[in-house]
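This report walks through one protein model. Please have the sequence and the coordinates open.

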Amino acid sequence: MPQQTAKHKLNNTQQSVARKSAAVRIRSSGRWQKARKEVLRRNPVCCDPLGLHSSRVVPSVQVHHVVPIHKNPGKAFDFSNLAALCVSCHARIEMIDRRGKNTSHLFTYDTEGVCKSLQSKTFH
């Protein structure tokens, strides 16, 4: 039985490496660079999913996969799965994700692809 456990762990490790490798391939592709650029063009202001910015306008500079690539590579280029964030928000969301907590409820968009959390804010 211990051999099966070791074999099972090795298989899980191999799967993890394969998923990470797929994520690296996706993020280094021309298709991803185009999708990323389009998301940032559509949403130049951080979505502020955690409500950290109050009424401040903070530019988005990174694109977050709401459903991570390693969980569903098929959603890597799905615009409804991509969120425009500032560096600070992206780091915090990634930390929450790494802890195994779901953050997808923080990202909702209207039919134009604009983050709904921004629509309720008054910018000065």
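## Rings and charge

The model is predicted. Searching the whole structure for aromatic pairs gives zero. The charged end of Arg42 sits over the ring of Phe79, 4.5 Å from the ring centre.

## Overall fold

The protein has four helices and two strands. In sequence order the pattern is α-α-β-β-α-α. The protein has 124 residues, and 32% of them count as buried.

## Helix H2

Helix H2 covers residues 30-42, which makes 13 residues. From first C-alpha to last, H2 reaches 18 Å, close to the 18 Å expected at 1.5 Å a residue.

Which residues of H2 are buried? They are Trp32, Ala35, Val39 and Leu40. These four cover an arc of only 130° around the axis, so they lie on the same side of H2. The face turned away from the buried side of H2 carries exposed residues: Lys34, Lys37 and Arg41.

Ser29 lies in the loop between helix H1 (2-27) and H2. What does the side chain of Ser29 reach on the backbone of Ile26 and of Trp32? A polar atom of the Ser29 side chain lies 2.7 Å from the backbone oxygen of Ile26. For the backbone nitrogen of Trp32, the distance to a polar atom of that Ser29 side chain is 3.0 Å. Trp32 is also one of the buried residues of H2.

## Cysteines

How many disulfides does the structure hold? The count is zero. Take Cys46: its closest cysteine sulfur is in Cys89, 3.6 Å away, which is too far for a bond. The cut-off for a disulfide is a sulfur pair within 2.5 Å. Seen from Cys89, the closest cysteine sulfur is that of Cys46, again at 3.6 Å and too far for a bond.

Are these cysteines buried or exposed? Cys46 has 2% relative accessibility, so Cys46 counts as buried. Cys89 has 0% relative accessibility and counts as buried. The cut-off for buried is under 20% relative accessible area.

Definitions and conventions. Residues numbered from 1 in each chain as written. Predicted model: local features only at pLDDT ≥ 70, side-chain atom pairs only at ≥ 80, totals over all residues. Heavy atoms only, no water. Expected span 1.5 Å × (residues − 1). Buried < 20%, exposed > 50% of the residue type's maximum accessible area, 1.4 Å probe, protein only. Arc of directions from axis to C-beta. Phe/Tyr/Trp six-rings, centres within 6.5 Å; stacked < 30°, edge-to-face > 60°. Lys NZ or Arg CZ within 6 Å of the ring centre and 35° of its normal. Polar contact = N/O pair within 3.5 Å; in protein donor to acceptor, adjacent residues only side chain to side chain.
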